[in-house]
Amino acid sequence: MFNGRTLLVATMHEKEKVIAPIFEKELGLKCITPFNFNSDALGTFTGEIERKDDALNTARKKCFIAMELNNCDMAISSEGSFGPHPVMYIHPADDEILLFIDKKNDLEIVVRELSAQTNYNAREIKSEKELKEFADAAKFPSHGLIIRKDKENYNNIKKGIRDWETLLKNYNHISKKDGIAFVETDMRAMHNPTRMKVIENTTIKLVHKIKSKCPSCHTPGFGITATKKGLPCGLCRFPTSSVLAYIYTCLKCNYQNVKNNPNSKQCEDPMFCDRCNP
């Protein structure tokens, strides 16, 4: 179905460096990056262009724009969102969506990876010492930084800073009036090796899903579409919020398969039971 065909990696931020080798090796595709493609038109991390759609629809738009520009019927794109981790609230998280579209075979296959492995951060800086502390914590200079006057200021944003001399020069220029500048991590993939690694892991997950075929009609992309909670407590047998089963659904024929106890657990530890440990 895929061998020898061309896959567009819809990016302008060098994501093809981790996506292309995996798809070419595992599926026999030839990966290229699109010409005249500007994903920033759909939104930027720094906010000067607001992202109007959710992550999945933005990724979908990237694919279709790239396919139209390059007269190709297959594309892949990713979209990342950053903020507090939904479980470990005090830690930031990288929420990556990776979408594969094959118009020829009417396929749309998507995976999501939620990772606590991120340097995502932003801070108002009032001294060179604070700037150095922030830069060290952000893994600078291997990871890029962005600096501007304040969070809501979209003028004179300096992006992709990867050396101390440039960072300090821009800080001194921006802060010379009142001693304050706003510094943030550059989350674009080519300036953020930690995010690039998450995208690589997400790509591996997507390839595994593409290789997973429906037992009924053999369509690629047979994967988890829902979870069923209610794993019983090992002490009182009361249903907990832990996963009891995964539900797999075919994208084409809607065939379903339920896999019980997917984490090889017959019961949950009482410490996670609302009755035994309210």
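**Note on the cores and sheets of a predicted model**

1. Leaving aside its neighbours within four places in sequence, Phe23 is in contact (heavy atoms within 4.5 Å) with Leu7, Gly28, Leu29, Cys31, Ile76, Phe100, Thr203, Leu206, Val207 and Ile210. This is a predicted model, in which local features need pLDDT of at least 70 and side-chain atom pairs count only at pLDDT 80 or more, while totals for chains, interfaces and linings use all residues. Residues are numbered from 1 along each chain as its sequence is written, and side-chain values use heavy atoms, with hydrogens and water left out.

2. Phe23, together with Phe100 and Leu206, has the most contacts inside the largest nonpolar core, which has 24 residues. Such a core is a set of buried Ala, Val, Leu, Ile, Met, Phe, Trp, Tyr and Cys residues joined through side-chain atoms within 4.5 Å, where buried means under 20% relative accessible area with a 1.4 Å probe, protein chains only. At least two residues of this core come from each of E1, H1, E3, strand E4 (92–102), strand E5 (107–115) and helix H5 (193–211); H1 gives the most, with 6 residues. Helices (H or I, at least four residues) and strands (E, at least two) are DSSP runs, numbered from the N terminus. A second, separate core of 15 residues includes Ala138, Leu145, Leu168 and Ala181.

3. Strand E1 (residues 6–9) runs parallel to strand E2 (residues 30–32) and is joined to it by 3 bridges, two strands being paired if DSSP finds at least two bridges between them. In this pairing Leu7 stands opposite Cys31 in E2. The chain passes from E1 through helix H1 (residues 16–27) to E2 in a right-handed β-α-β crossover, that is, with the strands pointing away from the viewer, the path from the first strand over the helix to the second runs clockwise. E1 is also parallel to strand E3 (residues 74–84), with 2 bridges, and Val9 stands opposite Ile76 in E3.

4. An open sheet of 4 strands has the order E6-E9-E7-E8, with antiparallel pairing. Strand E6 (122–125) and strand E8 (158–161) stand at the edges with a single partner strand each, so one side of each is left without a neighbour in the sheet. E6 pairs with strand E9 (residues 181–185) over 4 bridges, and Ala122 stands opposite Glu184 in E9.

5. Helix H3 (residues 128–137) lies across E6, strand E7 (145–148) and E9, running at about 165° to E6; axes are lines fitted to C-alpha atoms, for helices over the stretch in contact, and angles run from 0 to 180 degrees between N-to-C directions. Helix H4 (residues 164–175) packs on the sheet, touching E6, E7, E8 and E9, and its direction makes about 15° with that of E7.

Terms used: Buried < 20%, exposed > 50% of the residue type's maximum accessible area, 1.4 Å probe, protein only.
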